[in-house]
4 protein chains.
Amino acid sequence: MNKINIGIVGLGRMGQTHARNIVVNIPEANLYAACSVAEIEFEYAKREFGVKELYQNFEEMIENPNIDAVIIASPSGFHTEQIRLAMEKGLHVFSEKPIGLDIEDIKETIKIIDSHPNQIFQLGFMRRYDESYQYAKKLVDEGILGELTLIRCYGIDPSTELESFVKFATSSNSGGLFSDMSVHDIDLVRWFSGQEIKRVWALGKNAAYPELDELGELETGAAMMQLKDETMAILVAGRNAVHGYHVETELIGTKGMLRIAQQPEKNLVTIFNEQGIVRPTTQNFPERFREAFIREMKEFVSCIIDGRQPNVTANDGLQSTKVALACQKSIKTKQLIDVE
Amino acid sequence: MNKINIGIVGLGRMGQTHARNIVVNIPEANLYAACSVAEIEFEYAKREFGVKELYQNFEEMIENPNIDAVIIASPSGFHTEQIRLAMEKGLHVFSEKPIGLDIEDIKETIKIIDSHPNQIFQLGFMRRYDESYQYAKKLVDEGILGELTLIRCYGIDPSTELESFVKFATSSNSGGLFSDMSVHDIDLVRWFSGQEIKRVWALGKNAAYPELDELGELETGAAMMQLKDETMAILVAGRNAVHGYHVETELIGTKGMLRIAQQPEKNLVTIFNEQGIVRPTTQNFPERFREAFIREMKEFVSCIIDGRQPNVTANDGLQSTKVALACQKSIKTKQLIDVE
Amino acid sequence: MNKINIGIVGLGRMGQTHARNIVVNIPEANLYAACSVAEIEFEYAKREFGVKELYQNFEEMIENPNIDAVIIASPSGFHTEQIRLAMEKGLHVFSEKPIGLDIEDIKETIKIIDSHPNQIFQLGFMRRYDESYQYAKKLVDEGILGELTLIRCYGIDPSTELESFVKFATSSNSGGLFSDMSVHDIDLVRWFSGQEIKRVWALGKNAAYPELDELGELETGAAMMQLKDETMAILVAGRNAVHGYHVETELIGTKGMLRIAQQPEKNLVTIFNEQGIVRPTTQNFPERFREAFIREMKEFVSCIIDGRQPNVTANDGLQSTKVALACQKSIKTKQLIDVE
Amino acid sequence: MNKINIGIVGLGRMGQTHARNIVVNIPEANLYAACSVAEIEFEYAKREFGVKELYQNFEEMIENPNIDAVIIASPSGFHTEQIRLAMEKGLHVFSEKPIGLDIEDIKETIKIIDSHPNQIFQLGFMRRYDESYQYAKKLVDEGILGELTLIRCYGIDPSTELESFVKFATSSNSGGLFSDMSVHDIDLVRWFSGQEIKRVWALGKNAAYPELDELGELETGAAMMQLKDETMAILVAGRNAVHGYHVETELIGTKGMLRIAQQPEKNLVTIFNEQGIVRPTTQNFPERFREAFIREMKEFVSCIIDGRQPNVTANDGLQSTKVALACQKSIKTKQLIDVE
């Protein structure tokens with residue numbers, strides 16, 4: 001059997017993670033080509049992974065007839081266009097989240113995806129492939145919590161990355177805290193509940209980094225949501241977790257509660273010292289979701305081989321972006337916002 | 001030194017707890033008189049605590065010149081009037097929460113309290129006297145969390161008590177989930193932040209017990225709040241915690257996070273069995289706050305002896321009721337509500 | 001009813017704890033007299049608890065006909081003689097552990113105790129009165145662990161007290177690590193298993209404090225034991241727990257495992273900071289067993305009032321001392337030691 | 001670069017794990033040949049992994065000139081001979097633990113290994129490659145615990161496997177609890193302390209499965225050990241952990257304590273239900289050490305490619321077997337045993 005030839009666009013932290021996973025962990029795939037506008041990323045792909053086909057232009061790359069599939073890890077603003085181009089070239093597409101930044105643009109993109117039902121499209125909601133999340137989902141689907149009444153999701157980046165975020169946000173548009181961080185959590189709310197979100201109210205506060213005010217960014221934000229069936233959802237997002245990378249999900253149901261990563265435990269070590277009883281913590285997303293990134297990519301490649309669509313669809317991307325935008329609008333208007 | 005003679009009104013679960021603590025744990029006080037309209041509670045006080053002065057009428061009881069102080073543990077609707085009557089008789093007053101159900105009525109009561117500055121008035125926010133809460137408060141005041149950005153409070157009653165609550169709510173007015181349960185959490189938000197609450201949005205869902213709909217009650221509710229200085233607060237209240245009595249508080253600040261009773265651990269025992277690793281849980285409020293109830297009552301008696309006012313004031317009662325009523329209003333109107 | 005008049009001998013840390021508990025927490029008893037050779041302790045009793053009957057000589061104190069019971073908290077070497085004297089005077093006796101340091105001497109003392117069956121005798125194994133230990137004992141007796149196969153007990157004092165211990169051990173005979181610290185754990189092994197200990201091997205190591213070698217003391221020690229029915233027991237004792245006061249007990253049975261204070265959690269607070277996830281720890285025995293000390297003293301007073309003997313007997317003291325001495329002998333001889 | 005061609009002998013649970021890891025996770029290696037006397041294992045290799053070169057005889061397999069390396073996962077009694085044969089054929093060897101069952105036999109085997117310094121030899125102490133153990137080792141080597149004084153290791157198999165173990169032990173010689181289970185823990189003691197073990201005492205008890213008595217096997221065993229520098233070690237081994245697979249290691253030092261897998265947490269999920277607060281548990285060694293098995297095999301293949309010897313040596317196998325045999329002897333003689 002021939003290996004799947006993959007071309008990747010974007011070799012920032014996210015792109016590098018996918019590139020390495022293809023090379024080291026997925027024998028069925030081949031990192032065939034890479035595309036980047038940054039010279040340094042370009043060199044990186046050559047040196048680190050021995051990629052020979054290198055492009056500075058996405059459209060050129062996908063002209064290469066040996067490529068079977070693309071991984072889109074470019075800045076968010078490019079996603080929809082690159083998805084459409086690749087789809088129309090007959091390629092399978094794995095795109096990082098968010099699928100896009102504008103609702104109409106996303107809808108148009110989905111039309112094009114839908115018109116190529118034999119090509120695989122997968123969106124990078126890797127948490128669904130994390131072992132603990134999958135374990136929880138199975139329990140919830142088996143009914144151990146009864147009917148869900150409330151879902152709480154925390155997604156807080158480590159303080160250690162705040163400085164570099166401030167730099168980034170000064171020159172680029174992150175999309176805002178809810179679009180950038182909470183889309184994962186919004187997806188989890190929808191995935192666990194099987195429900196769409198109806199109404200949101202969002203708040204934020206900048207305390208440690210008031211310079212974020214000028215950038216229109218938030219250090220910490222919270223959103224409360226009502227789902228179609230009255231289930232409640234609470235999201236906390238932030239960029240200032242002193243203890244590391246805090247992604248936590250709670251599900252409250254009529255028959256019990258369940259928490260995933262109630263504490264962001266790094267491993268199975270406990271230290272007893274002058275501080276007390278200490279559990280070291282996960283420091284960032286590549287560490288926390290290392291296995292999940294591998295498993296989502298294995299799934300993408302398997303779907304191509306087996307000719308079946310993955311669990312995470314383009315519509316999941318549309319819905320989560322809709323809700324994230326509603327949160328951003330609520331921050332601006334200080335009002336309750338109905339989702340579409 | 002003579003013991004402080006205390007008269008108690010109301011001998012339901014709350015009243016019994018206070019009565020027993022006076023008798024067993026507070027050598028400086030004497031359970032001198034009891035007042036109840038329920039024959040059974042009447043007999044209970046006589047039999048259990050040997051109380052000799054028994055009354056069916058509060059006004060009669062406070063005529064007794066030997067009484068120094070009263071504990072008000074009657075139904076919420078009676079609190080303000082009994083506080084006023086006792087204050088005007090020159091007695092020290094410990095009143096259970098809520099201070100009252102109507103804002104104007106509470107304000108009037110506070111005027112009367114304020115006009116007797118030499119008499120002690122204390123409200124039953126016992127959580128402030130819990131060892132873990134006091135430990136946390138000290139750390140927060142010392143600044144280990146930096147500036148607070150978000151406070152999350154859970155107060156969920158055990159499922160085992162839901163049936164008896166349904167009976168109670170059928171015949172009486174509980175005041176609603178937020179007034180009945182969340183006032184404690186609202187008080188904690190104010191205590192930890194030193195800020196008043198500006199705006200709220202509240203939601204609720206009945207799933208396991210749809211009969212609560214007819215009673216206008218909620219099985220699970222959530223409220224998001226903005227404080228005057230933009231700090232965020234999230235409250236979850238409920239009556240259906242299958243695992244026991246779940247009171248949890250989280251404080252997020254610019255320098256760290258802190259959780260009080262992240263898990264409602266009953267004691268220091270861990271069991272390893274077919275279920276996995278099991279920590280038994282606290283089952284109800286008298287168990288969880290046993291020590292806090294004793295300590296708040298010791299504080300009340302100490303205040304009388306030392307001639308100083310306690311930390312929990314009538315104004316704390318007014319503010320927490322205001323916010324609880326705003327939550328109830330938000331549930332009804334489905335809108336954002338500005339607090340006063 | 002008249003209060004029980006209690007005379008206490010020894011007002012070191014242990015004696016002060018008992019004295020305060022009598023005064024503050026036990027309305028049925030009265031701290032009537034105190035005996036100490038240390039001027040400073042003498043003054044303390046007067047000033048702190050208002051004790052009026054003060055003695056420098058134990059025999060004189062028990063001549064006072066108003067005394068109903070004595071609490072013996074003097075240095076270990078005095079216990080047996082004071083027990084005998086008080087028993088023969090017709091007094092109820094609460095003695096701190098160990099009951100004595102010499103087996104024959106203890107046996108003779110027990111004869112005298114046994115010849116006064118109407119007087120209460122209780123030994124200070126307060127752990128049996130701790131809430132978590134009582135909870136565990138109930139579960140074990142109900143059979144949730146099946147048949148016990150192994151018991152592991154840790155008793156490690158905090159490093160912060162090592163310096164003052166070195167001073168103490170320079171001038172006094174502590175009895176050695178196993179007699180001083182492990183008697184509590186030996187008692188727990190016997191209490192949970194209902195079995196006597198047959199054979200022991202003990203080891204020790206001084207690393208942080210080699211000066212302990214000269215004192216014949218151990219920084220950390222371990223003992224493995226075989227019980228009569230082949231159940232195994234493992235004891236670790238020490239004086240250098242950097243994280244606080246570590247008392248932990250594990251029970252392994254055919255149907256499950258159970259741990260008491262697997263981690264010495266101070267309270268219900270969890271802190272998330274640069275260190276990771278931190279649970280503060282209990283710092284010393286008065287903190288860890290505060291409630292247990294009150295409850296054992298309440299039990300002593302109740303036994304006097306009700307005319308029944310407590311659960312902890314003089315024989316428990318004899319047996320635990322026997323095993324502790326066997327451990328000390330094992331350390332010296334480097335051999336397996338059969339107990340008696 | 002050509003892939004390393006590997007021949008495996010033994011396709012029981014351990015062999016299957018290694019075979020799958022080679023195929024799925026190690027692109028640099030190729031599962032070239034398999035050897036088994038069991039028809040069913042034979043078929044399995046063909047069907048599951050598409051292995052074409054199949055042998056019923058180890059000597060025949062290693063005649064195949066295409067083979068670069070062997071993995072020995074046959075019954076323990078065959079290890080030494082197969083190691084010698086493969087070494088003398090010029091092959092790299094990965095052998096499952098224990099290296100052998102007889103000290104003289106192991107010593108002779110080590111001579112042969114040592115006489116082929118350019119061939120890689122690695123022993124299957126996979127725990128050293130587990131992420132949590134590696135994290136702990138780094139901290140210990142950096143000195144965060146100061147000087148080690150005591151090491152405690154638990155290795156308890158799940159009850160669910162006891163029945164199949166009884167069947168196995170009826171027809172085969174497991175080597176006994178300490179040789180079969182504790183060699184891993186003995187290796188950890190040596191690895192963490194850098195010290196050899198001097199003296200042991202071992203005990204055992206059969207309670208749930210008295211039929212183990214007849215087989216000369218133990219349900220639960222414990223051993224206490226003294227290391228050359230007086231450091232203490234405590235081992236508990238067993239076959240009856242009702243809650244799953246319990247492998248736990250504790251390190252006590254002069255500056256702190258550290259525990260690896262204090263609780264055998266399966267993942268990051270916590271469930272709150274009628275039982276209390278429940279953390280699901282790891283159920284068996286393939287689950288607990290899944291990643292470690294992959295990482296040790298990656299290390300073996302890397303060592304071959306890089307031409308360097310791995311961290312786990314044949315001498316580690318010799319020493320751990322020596323100590324395990326001393327434990328078994330202690331069980332028989334009921335005496336303290338000096339290790340060689």
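In this predicted model, 13 residues of chain A are in contact with 13 residues of chain C. On the side of chain A that touches chain C, the elements that give two or more residues are strand 13 (269-273) and strand 14 (276-279) of chain A, and strand 14 gives the most, with 4 residues. Strand 14 of chain A is also joined by 3 bridges to strand 14 (residues 276-279) of chain C, the two running antiparallel, and A:Val278 stands opposite C:Val278 in strand 14 of chain C.

The contact between chain A and chain B takes 28 residues from each of these chains. On the side of chain A that touches chain B, two or more residues come from each of strand 7 (148-158), strand 8 (197-205), strand 9 (220-227), strand 10 (232-241) and strand 12 (256-260) of chain A.

Chain D holds an open sheet of 6 strands in the order 3-2-1-4-5-6, with parallel pairing. Strand 3 (53-55) and strand 6 (121-123) of chain D are the edge strands, each pairing on one side only, and the twist from one strand to the next averages 20°. Within chain D, strand 1 (residues 4-9) pairs with strand 2 (residues 29-35) in the parallel sense over 6 bridges, and the bridge partner of D:Ile8 in strand 2 is D:Ala34.

Methods
Residues are numbered from 1 along each chain as its sequence is written. Chains are lettered from A and ligands numbered from 1 in the order in which they are written. This is a predicted model: local features need pLDDT of at least 70, side-chain atom pairs count only at pLDDT 80 or more; totals for chains, interfaces and linings use all residues. Two strands pair if DSSP finds at least two bridges between them. Axes are lines fitted to C-alpha atoms, for helices over the stretch in contact, and angles run from 0 to 180 degrees between N-to-C directions. Two residues are in contact if their C-beta atoms, placed from the backbone, lie within 7 Å.
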